[in-house]
Amino acid sequence: MTSLFTRAELAAYQKLLRPILFRWAGGDPEAIHEAMISWLGHVPATRSAQVANPVTVAGIEFPNRVGVAAGLDKDGVAAAAWARFGFGHAELGTVTGQAQPGNPRPRMFRARASRGVINRMGFNNRGADALADRLLKLGVQRGNRRLGIPLGVSIGKTKAIALVDAASDYLASLDALRDHADYFAVNVSSPNTPGLRSLQAAKELEQLLGCIVESASQGTDPIPVFVKLAPDLEPGQLTETVAVIRDCGAAGIIATNTTLSREGLAADDRHLAGEEGGLSGAPLTTRALAFVERVVSVTDLPVIGVGGIMSPRDGMRMFEAGAVLLQIYTGFIYAGPALVRGLNDLLRCA
C-alpha cells in the first residue's frame, strides 16, 4: 500500500533523513529520540487540524482517526508539533505522580531488520506537575484545542511507590492534570515497572480503576478514562478484566502495549531477544491485531488500536477488527510523517 504515501515524502525520509537520524549520536536510539523531541519542541503551535473521517468518542471530537501513542512525547515537549504532522490527537506521557529517571541506560534497542524496537524505559519522566506546568504555559485547557487537537495523558505508577499505594499515586497525576487533559489513559500494562501488570487482574484493577473513575467524574463535566492493556493477557483474564473496566465506568480501552514475546524478530535481530523490555513495531502487528479482535468480541466499549501499525494497510486492518481510533509510535519512527498522511488519505476514502 505504499502508493498511499506521498512518494517524494517516503523517499526523502527513508533514503535521506532516516539514515542520518539512525546514525546520529553514535546510533543511540534514545539519544536520537531525545534530540528529535527537543527539536520538535520549537515548532510553533497551530489551531488547525487535518480533517479525515472525523469521529466523536467518549464525548471528544477527533478531527481524524490517527493519534500519537503514549511514550513518544512523555513530557509534552513536542505537544505543539503533533497537529502539524496531521495527527488527530496526541497521548502525552506516561507520567507518574513523582518525577523519576527510569531504568538504567542503555534501555532502548532498535531491531532494524525487524522494523521493531525493544525498550525498558521504566516511565522516565519529569512528573505530572511538570507536565501540567508545561501545558499551562502553552495555554492548554481541557477542551480548548489550543494546540489544534485533543490531548490525552497516560498516567502510570511511580516505581518507588508500593503497589498497595498505587491508587494515590495515579490520583496525584490525575489531580495535577485534570484541567489540561481531554482524557486520561490508565497505564497498567507496561512491562518495565516491576509488578505493574499485576494491576490488570480483575480484583486489583477494580480497586484502582474505581478510585480513578470516581475522581475523574467529579464536577459537572466528567473526564473520560481509558485503560491500556497488554497484548500478553490470557483470554480468560482478558474477559474478566474487560468486565471490570466496563463496570467501573471507564470510557474505553487502548489495545495494546508492547509485548514480552520475541516472536517475529528477524534472524539479524535475534541477538536482541535476551534484552529485557517490551517489543514494538512490525513483530507486534499480528499479535496486536488479534488482541484488538478479542477485546472487541467481549465488549461494546470503544477501542483505540495501537501496536504494529507500520503501513496504511495495517491501520485499515485495525479498523476492520473494530478499533475506532489508531495510535502510532514505532511506525512513525520507521516510516516518518508519510505514514500519518497515508493513513489519513486512506481514511478519506473509507
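This is a predicted model: local features need pLDDT of at least 70, side-chain atom pairs count only at pLDDT 80 or more; totals for chains, interfaces and linings use all residues.
What covers the buried residues of α8?

## Helix α8 and its cover

Helix α8 spans residues 312-321 and is mostly covered, with 7 of its 10 residues buried. Those buried residues are P312, D314, G315, M316, M318, F319 and A321. The cover over them includes helices α7 and α10 (337-348), together with strands β12 (303-306) and β13 (325-328).

Just after α8 comes G322, which takes a positive phi of about 120°.

## The pair α6 and α7

Helix α7, part of the cover of α8, also has a contact with helix α6. Two packed helices are described by the angle between their axes and the distance between the axes. Helix α6 covers residues 235-247 and helix α7 covers residues 285-298; their axes come within 10 Å and cross at roughly 55°. Angles under 35 degrees count as roughly parallel and 65 to 115 as roughly perpendicular. The two helices are therefore oblique to each other. The crossing of α6 past α7 is right-handed.

On the α6 side, the contact is made by L238, T239 and V242, and on the α7 side by F291, R294, V295 and V298. Sorted by class, the residues of this contact are 5 nonpolar, 1 polar and 1 charged. An α-helix has 3.6 residues a turn, so residues three or four places apart point the same way. In the contact, this spacing can be followed from L238 to V242 in α6 and from F291 to R294, V295 and V298 in α7.

## The open sheet β5-β6-β11

Three strands form an open sheet in the order β5-β6-β11, and their pairing is antiparallel. At the edges lie β5 (108-111) and β11 (278-281), each of which pairs on one side only. On average, and with direction ignored, neighbouring strands of this sheet are turned by 20° against each other.

Strand β6 (residues 116-119) runs antiparallel to β11, and 4 bridges join the two.

## The parallel pair β9 and β10

How many bridges pair strand β9 with β10? Strand β9 (residues 225-229) and β10 pair over 4 bridges, in the parallel sense. F226 stands opposite G252 in β10.

The residues of β10 (residues 252-255) point in two directions: G252 and I254 one way, I253 and A255 the other way. All of these residues are buried.

Technical notes
Residues are numbered from 1 along each chain as its sequence is written. Side-chain values use heavy atoms; hydrogens and water are left out. Axes are lines fitted to C-alpha atoms, for helices over the stretch in contact, and angles run from 0 to 180 degrees between N-to-C directions. Angles under 35 degrees count as roughly parallel, over 145 as roughly antiparallel, 65 to 115 as roughly perpendicular and the rest as oblique. A crossing is left-handed if the near helix is turned anticlockwise from the far one by less than a right angle, and right-handed if clockwise. Contact means heavy atoms within 4.5 Å. Ala, Val, Leu, Ile, Met, Phe, Trp, Tyr, Cys and Pro count as nonpolar, Asp, Glu, Lys and Arg as charged, and the others, Gly among them, as polar. Two strands pair if DSSP finds at least two bridges between them. Buried means under 20% relative accessible area, exposed over 50%, partly exposed in between (1.4 Å probe, protein chains only).
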